[in-house]
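Please keep the sequence and the model at hand while reading.

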Amino acid sequence: MPSLCVARHRGRNRLRSVYTLVPMNPLRDGLVSERTPEPQVLVIFGASGDLTQRKLLPALYTLARERLLPAAFAVVGFARRDAGGDDVFREEMRAACDRFARRKPVDATLWESFSRGIFYHVGDFNDADAYRRLKARLEEIDKHFGIPANRLFYLSTPPSVFPVIVGNLGAAGLVSRAYQPWTRIIVEKPFGRDLESAQVLNRQLKQVFRETQIFRIDHYLGKETVQNMLTFRFGNGIFEPLWNERHVEQVQITAAESIGVEGRGGYFEEAGIMRDMVQNHLFQVMCLTTMEPPVNLESGAVRDEKVKLLKSLRPIHEEQIDRYVVRSQYAAGQVLGESVPGYLQEPGVAHDSTTETFVALKLHVDNWRWGRVPIYLRAAKRMPKKITDITVKFRDAPHQLFQSGNGAGAVPNLLTIRIQPDEGIAIHFGSKVPGPAMTLAPVNMEFRYGAAFGQDPPEAYERLILDAMLGDSTLFIRDDETEASWAFISRIHDAWAAQRKRALPYYPAGTWGPEEADGLMGPEEATWRKP
């Protein structure tokens, strides 16, 4: 982390001072990288989809604007829809970048140069001839741009066609297991829907690619505040000595969304919030929050520690499911002043659905660092606001000499890391109220990325695509990591399946979830935070 100084701002309420951490030596503008990717072609399967327009091409354009792309670089979109050729596809991507790129407006001169390397290839994912034609076209692009046959494939498609695409890539001779020139593949989530399907998909991928060529992407790992967990914990001597069961009382990780299923009822019926958010995003955040220090920052060392953490999770057996897991659905209610329907009234949702839109878990990590510390995870839709954060609650002082201003006892010591929105870090502690009485009032010390560095952090896909281009797999998911997380989650799904069609509790849309979730916490423990 950069060197910081502290500035105090007085609010109208003198009992709630706010301290802002200000960088004394801010980073230079844009992404910081000492490495430049080698010349290469990126092939996006499913290029006519929403992800390509909203995230992938805008990220590539921003990387070009930051001068982080290789000097020789091209993008080929592969999709079934006949988009009208290269020029029409380029126009569509220009409109997408105008709307979604982090750096707006699009620079006309830069786009003119960047778009010369954008191409569109029409083909059905099941058509072997489409891959033979793709190979010939890539060879033409290599020759034109001077690219030494380096390939990065991106599967931005439904998971059902992952094996089809991978098999056809191998059959067409588009995959080399050599280290130079190289071939890599990025696989979007969901990576399986349970342990068995994840194991099958891993085997299918490794029939064609080496494990080191496979980049399983989770966009949460590209967020600056998620990555900052490593520097915050292991780059600062004041925090890591406290990061253990002697000083930490509990950890809460929340991923709340104000939106509902947004017309994706059919998809959500198959997934549920556990598969959609917990197995991937929240487990990754939990790993970085609680794992042991890696021996170095090499990708293998970091991912080894995440796997060890996942394997240390105490299993939740079928007879324990209601003690440690609560699931629920949102009912009709008010969100941000707007009346919204309940989940069962959403298009594509079965009238008797037991798919969860809210889940809360109480977890334990059976190791020396976290032995007595409960770790609470919560993910939900139709919450009062959109927020993802981590809160570490420290144990109270062993003997309380002071009272808070309201007579309620000690002010809790909290450290909150906000992943989104308003990315930053806040420390909540007690400070003496001015005056003759020795009473405490809560104050916050805050660091915000936007205020500290004068710009919003880079988009997650910018960092992750750049890392894949560089061959750095640190922020991607390894095969054993995927299987370890599914081994834990699938046990919960099996227990739910054994309960058959048991009715779920409801929570009104626009609230922080069902009362049953409070039951996960003992009477001596703090309640769920309401950010």
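## Basis of the model

This is a predicted model, in which local features need pLDDT of at least 70 and side-chain atom pairs count only at pLDDT 80 or more, while totals for chains, interfaces and linings use all residues. Residues are numbered from 1 along each chain as its sequence is written, and side-chain values use heavy atoms, with hydrogens and water left out.

## The sheet

Six strands form an open sheet with parallel pairing, and their order is β5-β4-β3-β6-β7-β8. Strands here are DSSP runs of E with at least two residues, helices are runs of H or I with at least four, and both are numbered from the N terminus; two strands pair if DSSP finds at least two bridges between them. The edges are taken by β5 (118–122) and β8 (214–216), each of which has a single partner strand, so one side of each is left without a neighbour in the sheet. From one strand to the next the twist averages 20°, where axes are lines fitted to C-alpha atoms (for helices, over the stretch in contact) and angles run from 0 to 180 degrees between N-to-C directions.

Within this sheet, strand β3 (residues 40–45) runs parallel to strand β6 (residues 151–155), and five bridges join the two. One of the residues involved is L42, whose bridge partner in β6 is L152.

## Salt bridges

The structure holds 32 salt bridges, a salt bridge being a side-chain nitrogen of Lys or Arg within 4 Å of a carboxyl oxygen of Asp or Glu. Among them is the pair D479 and K206, with the closest N and O atoms 2.5 Å apart. This pair links distant parts of the chain, since D479 lies in helix α13 (residues 479–498) and K206 in helix α6 (residues 195–206), 273 residues apart. D479 counts as buried at 14% relative accessibility, and K206 as partly exposed at 31% (buried means under 20% relative accessible area, exposed over 50%, and partly exposed in between, with a 1.4 Å probe and protein chains only).

Another salt bridge joins E305 and K308 at 3.3 Å, N to O; both residues lie in helix α9 (residues 299–311), three residues apart, which is about one turn of the helix. E305 is buried, at 11%, whereas K308 is partly exposed, at 48%. The side chains of D480 and R478 also meet in a salt bridge, at 2.8 Å, N to O, with D480 partly exposed at 26% and R478 buried at 13%. Finally, a network of salt bridges links E66, R102, R103 and E462.
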